[in-house]
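Open the structure in a viewer and keep the selection tool at hand.

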Amino acid sequence: MPILANRVLELTMRLGVVRFGLLIAAFEILFSMLVTVVLRGIVVGELHWVDYLRPVLFGLIIAPWLALFFTYLIKQLGESRDKLAQAHRKQQALNAELKRKVSELNREIDERHNAEAQKQQAIRYLQREVAERRETQIKLRDQAVQLRSLIDSSPDLIFYRNKDGIFSGCNLAYEKLINISEADLIGMEAADVYDASVFEQVRITDDKVLNEHESLTYEQWMTYPDGRKALFEFRKVPFYDARGNLQGLFGFGRDITERKQAANALEQAARDKTTFISTISHELRTPLNGIVGLSRIMRDSELSEEQHDFINTIYLSAVTLGNIFNDIIDLDKLEREQLEVAPMPLYITELIADVRALATLMCRDKKLTFDYQQSGELPPVVEVDGTRLRQVLWNLLGNAVKFTQQGQVGLGLKISPVKNGKVSIEFRVSDTGVGIPKGELDKIFAMYYQVSDQGKTKAVGTGIGLSVSQRLTQAMGGSIGVSSEEGKGSCFTVSLTLPVLSEEQLPDATAIELPALHVLLVEDIELNVVVARSVLENLGCTVDVAMNGTDALRMAHEEEYDVFFLDIQLPDMTGFDIAESLMNDPNQRLRETPRIALTANVIRDKQEYIKKGMLDAVSKPIDVNLLTMALGKAFGCIEESVKPAVTVTHDSKPSQDESVLDLAFVSQMHETLGSDLFAKSIDMFAQLMPDYVETIHNQLLAGDNKEVAEIAHKVKGAAGSVGLQRVQKLASQAQDLDHPAWEQNIQEWADGIANHYAADVATLRQQLKTLDG
Ligand code: ADP
């Protein structure tokens, strides 16, 4: 039926409504005609034309209505069909959507299944990991506990700081030292923990470790909360994370106080031993000089051959013994770092003549020939420590003779032309003796070293001579070297460059005529004022004194002075500050007035003083000659390069007082000041000292090293100005805070000053009496 309807509909569409109506009408007429014909034919048996007309009429009347009805029907049908098709399409679309959703749903379900499976797997994995972690944590905790007890049981200090210097932890030993628990320490900085003196060192070493990524070791004294001091050897190392980024530093500290004390005791014992031997040698040298002198005289007198040989042996043995004593005395000085050279004008040709004479004598005694060679010309006068140069050459020549059984010993001088006022001289001491094996050449300059297996020469000697000679040569600004061939001989070379002086440049300081000068003496230690004033007044000067920098500058403006003598260490400023202020003064006269430094320190380089505004510098205790020379130069009485001809020698009169007093200075002061004034100076010193000693003692207890050094500086000046050499030396060491073992020795030095000064003053008074007598 629906198919039929569809066909009808399609037909209607194809034919159009009118044609379809006509077709229906035609069909209906034909059908009614057929029905009428058939029925009439069957029922009546006869057909009439009306029978044909009636269906046509009926058909024509009914046809439009039928057409209308069918049209309407078809239209309704068409619409229904469209709706149906639309519904069908919708249905299809819905079906497709449904299908898609279903497949999406299926996929989602699959994914969820997968995710669930994965989740289950992850959970299993996590469970495993949690278990492993728990196990690792337990292990780590165990290890941390072990490590902690290890660190805490360490007697060494251990601490760590991050890269900003903040503490991250420490061990028990460190807690005890700083008296702060680790919990409190964490988060603190080094500056919160250490006092200023310690912190400075900590800061410098931290910087090095953290900025330059270097490990370093240093020593530092630390104080425990109960006041006990201990010397620690600290080691600081940087530490990094796994990626190599700096995280901070580890610090380790080991208490080395006992080790240090033991080392010091050992050193002290060695020093004591050397000092003892040196003192004995010193004492023995005087009688030995007698033996050398007398045996020499006797040797040249009329003797039998046998007597001559005996005396000669006595003489040579005594000379050798004397050399050994000298070496030992120098060794002691070397150990105390007191071996000094004092360059002064010297007729070098005379020195060479002496050395040649002695070498000839030594060689003759051993039946060796002595050869002297010289290339170049020696300047008549050079500036050098003659005693020391002679000692070096004697030493080398003595060895050359000692280690040569036959052949010759030579001394050769190679002199370069004078250049810039200096001459370079190469002294070559050669021999044809046993020689030195190659492997030993660099060792023979070491203290006590002797080449083994050199035949019978081995036993004679100490192994000190070359070591002393090397240090002396170096102190004179030169060098010493050796070349040798075993069995053929050795050659030692000493090279020196020495300032050349002309003979005219050797005036006697006492002959210098100084004008009457008006002097401003700036000096804060009363005792030094007394000494300097008397020296200056003896030279014909009138002297005003300022005891501090402020007064000095005021007085310099108020009065016209010819020269300023400026002490360097003053209570309110330094002598250099005064010099600078005067140099920059608008007043031309003040700018041009000569300034001479008076310093208690050793003057190593006068240029340093000249650079800082001084014309010259004179050491305290004042040497009258040097002061005269300085004034002479300042006022054009002598040439700039003049050196004093008269120089204090310390070796002239060996006696027990020598180490206590500077005898030459004392006699010079006695002469300059006169007995009364000198005695007054000594009294003044004796009055000052108890206060100084007490202050040093108290400041040592308080740990104020700076103050101790300052007082020691004053003691040094005061002792020096009256010639108390021993106290002056002790104070000189005590004032030197840069001394590497200051902390370890200061108590000894302070005790030395306290214990000796009274007895030394008594010795000085005694000496004064002797000089008066
Ligand atoms: P000493 O001569 O008292 O032993 P030195 O310090 O003067 O001490 O010399 C050290 C060592 O160097 C000597 O013991 C010797 O072995 C070696 N030596 C020095 N000079 C010579 C030389 N001219 N010939 C051979 N050996 C020498």
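Begin by selecting helix α20, residues 675-702, and helix α23, residues 742-772: they pack at an angle of about 170°, and their axes are 10 Å apart. Angles over 145 degrees count as roughly antiparallel, so α20 is roughly antiparallel to α23. This is a predicted model.

Now show the side chains between the two helices. Sorted by class, the contact of α20 with α23 holds 18 nonpolar, two polar and three charged residues.

Next, widen the view to the nonpolar cores. The largest one has 60 residues. Select Phe565, Leu631, Phe678, Phe685, Val715 and Leu724, which have the most contacts inside this core. The helix that gives the most to it is α23, with nine residues. Another core, of 46 residues, lies apart from it; Leu351, Met362, Phe370 and Leu498 are among its members. In soluble globular proteins, nonpolar side chains tend to be buried together.

Zoom in on phenylalanine 678. Which residues does phenylalanine 678 contact, leaving aside its neighbours within four places in sequence? They are Val666, Met669, His670, Leu673, Val722, Leu764 and Leu768.

Move to lysine 488, in the loop between β11 (479-485) and β12 (489-501). Its relative accessibility is 58%, so lysine 488 counts as exposed. Beyond neighbours within four places in sequence, lysine 488 is in contact with Asp431, Thr432, Gly433 and Val434. To get a sense of scale, draw a C-alpha to C-alpha distance from lysine 488 to aspartate 206: the two are 58 Å apart in space and 282 residues apart in sequence.

Now select the cysteines. How many disulfides does a search of the whole structure find? It finds zero. Take cysteine 363: the closest cysteine sulfur belongs to cysteine 491 and is 15 Å away, too far for a bond. A disulfide would need the two sulfur atoms within 2.5 Å. Cysteine 363 is buried, at a relative accessible area of 1%, and cysteine 491 also counts as buried, at 10% relative accessibility.

Aspartate 156 is the next selection, in the loop between α3 (49-153) and β1 (157-162). Is aspartate 156 buried or exposed? With 16% relative accessibility, aspartate 156 counts as buried. Apart from neighbours within four places in sequence, aspartate 156 contacts Asn171, Ala173, Gly253 and Arg254.

Most residues other than glycine have a negative phi. Asparagine 179 has a positive phi, near 60°, and sits in the loop between α4 (172-178) and α5 (182-185). Asparagine 179 is exposed, with a relative accessible area of 57%. Asparagine 420 also has a positive phi, near 50°. Look for asparagine 420 in the loop between β9 (408-415) and β10 (422-431); asparagine 420 is exposed, at 78% relative accessible area.

Conventions. Residues numbered from 1 in each chain as written. Predicted model: local features only at pLDDT ≥ 70, side-chain atom pairs only at ≥ 80, totals over all residues. Heavy atoms only, no water. Axes fitted to C-alpha atoms, helices over the stretch in contact; angles between N-to-C directions. Helix = DSSP H or I, 4+ residues; strand = E, 2+ residues; numbered from the N terminus. Parallel < 35°, antiparallel > 145°, perpendicular 65-115°, else oblique. Nonpolar A, V, L, I, M, F, W, Y, C, P; charged D, E, K, R; others polar. Core = buried A, V, L, I, M, F, W, Y, C linked by side-chain atoms within 4.5 Å. Buried < 20%, exposed > 50% of the residue type's maximum accessible area, 1.4 Å probe, protein only. Contact = heavy atoms within 4.5 Å.
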